[in-house]
Amino acid sequence: MADFPYCSNRLKRLFRNLSLKYKFFGMFFINTLMLLTAFFLCFFICTKSYNKILYKTVAGNLSYSSDTISAAMNNIETLSSMILSDDTIQKSLTVFSDTADPVIRYNAEQELNRTLFSYYDTFRTQGISYIAVNGNKTTTCTNWYQYNLVSADFLEQMKQTAHSGNGSVKWIWESGNQDGLFLTRDIRQIKNFSLDSLGQLMIHVDIDEIVSSANTAATQYENSYYVITNDNGSVIYSSKPLTQEESASIHRFNQKNYGPVSLQGHTYFAVNGTIPDYRWHYTTLIPFDTITQSLDISLITIFLILLAASGIIILLSHIFIRSLTMHFDALNYKMMEFSKNELSIPQTAYCYQERQDEIGKLHQQFDAMMMRIQSLINTNYVNELLRKDAQLKALEAQINPHFLYNTLESINWRAKINNNQDISQMAESLGTLLRATLSNKKSLVTLACELELVRCYITIQKLRFEDELECQFTTESGLENALIPPLTIQPLIENAIHYGMEEMEEICHVFIFIKKCDSRLVIKVQNDGSVIDEHLLERLESKEIHPNGFGIGLLNINKRIQLLFGKECGLHFSNENGLATVTLIFTYKTEESQFC
């Protein structure tokens with residue numbers, strides 16, 4: 001114990017004498033190691049939690065499935081009661097007991113057969129494979145092929161079981177047959193309450209269909225197996241891939257609620273429950289190999305990701321630490337060089353004058369100290385900085401828009417002197433467009449101003465395309481003072497000309513309709529030669545169509561309109577009479593109405 005303080009002080013002294021780089025590396029290494037340890041601890045906890053959640057999930061599914069199976073079995077018992085009490089079946093079986101006339105017996109057999117098929121057709125979708133009635137010297141069945149597959153010994157056993165039940169429900173299954181579940185009951189005469197035995201009812205239950213239907217909605221695991229046994233370990237039902245011996249071995253597991261079992265060389269996660277009202281054991285088997293493999297693959301994948309992330313962290317740490325220590329090395333270098341020769345100031349490749357952090361301030365203070373010592377060198381250095389600052393300010397200068405307007409006016413004046421009307425119109429229209437685009441800062445402009453901009457744009461395009469472009473305005477009178485957002489109509493006309501001229505080999509027609517409908521201002525822009533996609537705006541908003549180019553402009557126009565006029569206004573797209581149509585809807589208002 002006496003050596004412990006000595007070792008502790010030695011480690012502290014060793015750490016203090018380490019270079020800054022190794023101190024940073026040590027810090028990152030310890031933090032990374034703690035992070036990895038915390039992650040693996042969290043992974044272990046999550047794995048245990050996952051297993052518990054798996055138990056609860058499967059148990060919940062099993063409970064739902066067992067309740068569904070129990071309900072199906074109860075429905076079949078209800079069906080058997082309906083058949084036993086059916087007046088036609090009672091009368092038909094009584095005929096076979098009391099009458100020897102073959103004609104009467106034949107008619108009774110036909111009635112019995114029709115009634116039995118009627119019940120079968122009604123309940124066949126509820127897990128009924130077939131229904132049979134064994135009467136006095138007669139047997140009626142809805143599926144003779146399946147009925148003949150049952151052994152004579154088992155048929156006799158069912159008759160004896162039904163007779164011993166005195167009319168109560170008896171469930172019986174054929175050993176070794178996974179689908180051999182039957183409901184059997186003795187049919188007693190109701191008339192006069194004699195309760196004489198008229199025959200036996202047999203209902204073959206399609207247990208595989210019932211189990212499959214019950215688990216289709218309940219389970220979320222593929223390739224699950226199911227086993228139903230009674231208290232004695234006799235297998236009532238098991239999924240097809242399981243043998244009778246394997247299914248019987250599940251009964252020994254029934255003492256546990258859940259746990260792994262080994263079958264067919266594979267591990268399964270088994271959860272045990274009971275089917276209500278029947279006290280049958282119901283076990284679900286989920287392939288545990290897949291889950292284990294998935295967890296192993298996940299662990300390996302996470303480990304590889306962590307390994308790669310650790311490598312990236314080390315690389316980034318090296319870059320980060322290097323980016324810090326290099327500045328301290330540079331400061332140390334300047335100190336050593338300046339101490340050797342005070343007449344010269346050592347220079348570094350990095351400029352620290354604009355940095356505001358501690359490193360920058362250290363370098364700036366040291367540089368200021370050196371410059372105060374070397375006043376002449378300091379003067380030259382400041383002059384150089386002033387020269388570079390002047391260059392930066394010169395680069396920041398922007399072109400005055402009035403210079404551009406004056407230039408366009410000069411071009412227009414020159415074109416008029418030379419009698420070139422096309423160039424003059426184009427220069428005037430372009431100047432108007434630029435003034436509206438660069439100078440207008442209002443959120444709303446009058447319709448007259450917007451239409452002036454549109455006509456200037458169309459003038460430029462008609463000079464470009466000449467006779468290949470025709471534009472037609474239809475505007476109701478008195479709407480000149482209506483307020484709309486600036487630059488909302490022109491982009492739509494630009495789009496109409498672009499797509500219309502792209503597909504048209506003849507003249508492209510663009511139509512602009514402006515009218516007032518109640519309290520709405522409606523503007524339609526139509527063109528031939530193109531078709532608008534269905535639900536274009538919704539697809540742009542949902543990113544189903546990447547909103548580049550004009551798509552971004554559509555979204556911006558629609559958002560501006562809705563912000564200024566409400567959600568009920570905006571853009572609408574359609575194809576009307578072979579024309580691609582864009583409709584703008586605004587709330588009608590003017591400058592006077594805004595202040596009313």
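So, helices H3 and H4: H3 covers residues 87-98 and H4 covers residues 102-123, and they pack at an angle of about 150 degrees with their axes 9 Å apart. The axes here are lines fitted to C-alpha atoms over the stretch in contact, and angles run from 0 to 180 degrees between N-to-C directions. Helices, by the way, are DSSP runs of H or I with at least four residues, strands are E runs of at least two, and both are numbered from the N terminus. H3 and H4 are therefore roughly antiparallel, a label for angles over 145 degrees.

Before I go on: this is a predicted model, where local features need pLDDT of at least 70, side-chain atom pairs count only at pLDDT 80 or more, and totals for chains, interfaces and linings use all residues. Residues are numbered from 1 along each chain as its sequence is written, and side-chain values use heavy atoms, with hydrogens and water left out.

Back to the pair. H3 passes H4 in a left-handed crossing, meaning the near helix is turned anticlockwise from the far one by less than a right angle. Who makes the contact (heavy atoms within 4.5 Å)? On H3 you've got Thr88, Ile89, Ser92, Leu93, Val95 and Phe96, and on H4 the list includes Ile104, Ala108, Leu112, Leu116 and Tyr119. By type, the contact residues split into 9 nonpolar, 3 polar and 3 charged. Charged is Asp, Glu, Lys and Arg; nonpolar is Ala, Val, Leu, Ile, Met, Phe, Trp, Tyr, Cys and Pro; the others, Gly among them, are polar.

Zooming out, the chain has 18 helices and 17 strands. Of its 596 residues, 38% are buried, so under 20% relative accessible area with a 1.4 Å probe, protein chains only; exposed is over 50%, and partly exposed is in between. Take contacts between residues at least 6 apart in sequence: 61% of those join residues at least 24 apart.

Cysteines next. There are 0 disulfides in the structure, a disulfide being a pair of cysteine sulfur atoms within 2.5 Å. Cysteine 471 is in none, and its nearest cysteine sulfur, on cysteine 508, is 7.6 Å away. Cysteine 569 is buried, at 2% relative accessible area.

Asparagine 166 has a positive phi, near 55 degrees; asparagine 166 is in the loop between helix H6 and strand E3, and at 55% relative accessibility it's exposed. Leucine 487 also has a positive phi, near 55 degrees. You'll find leucine 487 in the loop between strand E13 and helix H15, partly exposed at 27%.

Terms used
Parallel < 35°, antiparallel > 145°, perpendicular 65-115°, else oblique. Contact = heavy atoms within 4.5 Å.
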